[in-house]
Amino acid sequence: MSVTPIRQARGSGDRWVSPVFLGIAAVMGVSGWALWTDFASDPGFAVFLFVVSGWVVSLCLHEYAHARTALHSGDISIGSKGYLTLNPLKYVNAGLSIVLPVIFVILGGIGLPGGAVFIERGRIRGRWKHTAISAAGPLANILFALALMLPFTTGLADDWPLVFCKALSFLAFLQVSSAFLNLLPVPGLDGYGIWEPWLSYNIRRQAEAFAPFGMLATFGVLYIPAVNEKFFNGVYHVLEWFHVSPWLAANGYVLFQFWKN
């Protein structure tokens with residue numbers, strides 16, 4: 001998710017990968033190793049750590065894609081804001097950017113976006129560039145999902161530890177669901193941002209008032225049983241296209257909720 005800034009910043013800034021991001025990636029790696037080797041005394045908690053850290057990693061990559069595309073589109077202030085370091089603490093309202101998406105996952109197993117980067121849209125010329133900036137984030141989720149599903153598609157995961165495959169499948173589910181939701185043309189989501197440059201001024205102005213509530217409204221609509229069923233079925237169909245078993249993803253979510261087991 002990308003937003004227009006209320007202030008300007010200059011300078012190239014620090015573009016080294018943040019220790020915060022490396023720490024989160026390390027948690028993902030260590031918890032994944034614990035699942036792979038059956039080292040974890042509590043598989044559910046290890047699945048929780050693996051999925052949450054993997055989900056936050058994907059958030060960072062999502063926002064990095066927005067920022068990197070904006071930088072090459074003309075917003076040279078991106079570097080000074082720390083967005084190229086993959087540090088989630090640099091996002092707008094860092095607490096909600098990390099905590100809120102994790103809560104969405106815990107409550108409903110749905111990958112709603114959370115982080116937001118300030119992009120100085122006034123520096124960018126051309127509607128196609130604005131569209132590309134908005135599309136870059138969901139594209140990062142799609143690529144991450146493909147990377148997670150590739151072992152299943154190629155058959156490589158057939159001999160992998162079952163618990164690890166469950167965790168990997170659920171994380172892939174979150175990426176696919178996030179891409180689905182983020183591409184909806186709802187104000188406040190990237191799907192709307194893709195089309196916004198091509199809309200009339202009056203429509204854009206009216207949509208601005210709804211943008212702060214777009215994500216929450218989307219989450220609320222998903223609680224409608226009929227919508228919820230169609231949404232989950234759609235995500236499961238995509239997983240099946242890549243030979244990822246919905247059973248594995250569903251059981252991964254059960255393990256993820258270790259406090260219920």
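**Notebook: a helix and its surroundings**

**Entry 1: helix α2.** I started with the length of helix α2. With 31 residues at 1.5 Å a residue, α2 should span 45 Å, and I found its end C-alpha atoms 44 Å apart, which agrees. I note here that this is a predicted model. Next I asked how much of α2 is buried. The count is 23 of its 31 residues, so α2 is largely enclosed by the rest of the structure. I then looked just after α2, where Gly-74 takes a positive phi of about 130 degrees.

**Entry 2: confidence.** The average pLDDT of the protein is 87, and 90% of the residues score at least 70. I marked residues 4-13, where the pLDDT is below 50. This stretch still has 27 contacts in the model beyond near neighbours in sequence.

**Entry 3: the nonpolar core.** Which residues touch the most other members of the largest nonpolar core? I found Phe-50 and Phe-256, in a core of 68 residues. Helix α2, which runs over residues 43-73, gives the most to this core, with 14 residues.

I stayed with Phe-256 for a moment. Leaving out residues up to four places away in sequence, I listed what Phe-256 touches: Gly-44, Val-47, Phe-48, Val-51, Val-52, Val-105, Ile-106 and Phe-170. Is Phe-256 buried or exposed? Its relative accessible area is 0%, so I wrote down "buried".

**Entry 4: aromatic pairs.** I looked up ring pairs and found 22 of them in the structure. I checked the accessibility of both partners. Phe-50 has 4% relative accessibility, so it counts as buried. Phe-164 has 11%, and it is buried too.

I then turned to Tyr-253 and Phe-256. Their ring centres lie 6.2 Å apart and their planes are at 25 degrees, so I noted this pair as stacked. The two residues sit three places apart in helix α10 (residues 246-256), which means about one helical turn separates them. A reminder to myself: an α-helix has 3.6 residues a turn, so residues three or four places apart point the same way. Tyr-253 is at 18% relative accessibility; the limit for buried is under 20%, so Tyr-253 counts as buried.

**Entry 5: Ser-31.** I moved to helix α1, where Ser-31 lies. Its relative accessibility is 5%, so Ser-31 counts as buried. What does the side chain of Ser-31 reach? One of its polar atoms lies 3.1 Å from the backbone oxygen of Met-28. Setting aside neighbours within four places in sequence, I found Ser-31 in contact with Ala-46, Leu-49, Phe-50 and Ser-53.

**Entry 6: positive phi without glycine.** Asp-38 has one of about 60 degrees, and Asp-38 lies in the loop between α1 and α2. With 62% relative accessible area, Asp-38 is exposed. I noted Leu-86 as well, with phi near 65 degrees. Leu-86 is in the loop between α2 and α3. Is Leu-86 buried or exposed? At 10% relative accessibility, it counts as buried.

**Entry 7: two last look-ups.** I picked Phe-118, found in strand β2 (residues 117-118). At 17% relative accessibility, Phe-118 counts as buried. Phe-118 and Ile-78 are 40 residues apart in sequence, and I read 8.1 Å between their C-alpha atoms.

His-237 has 45% relative accessibility, so it counts as partly exposed. I compared its position with Thr-37, 200 residues away along the chain, and the C-alpha atoms are separated by 30 Å.

Technical notes:
Residues numbered from 1 in each chain as written. Predicted model: local features only at pLDDT ≥ 70, side-chain atom pairs only at ≥ 80, totals over all residues. Heavy atoms only, no water. pLDDT = per-residue confidence, 0-100. Contact = heavy atoms within 4.5 Å. Core = buried A, V, L, I, M, F, W, Y, C linked by side-chain atoms within 4.5 Å. Buried < 20%, exposed > 50% of the residue type's maximum accessible area, 1.4 Å probe, protein only. Helix = DSSP H or I, 4+ residues; strand = E, 2+ residues; numbered from the N terminus. Expected span 1.5 Å × (residues − 1). Phe/Tyr/Trp six-rings, centres within 6.5 Å; stacked < 30°, edge-to-face > 60°. Polar contact = N/O pair within 3.5 Å; in protein donor to acceptor, adjacent residues only side chain to side chain.
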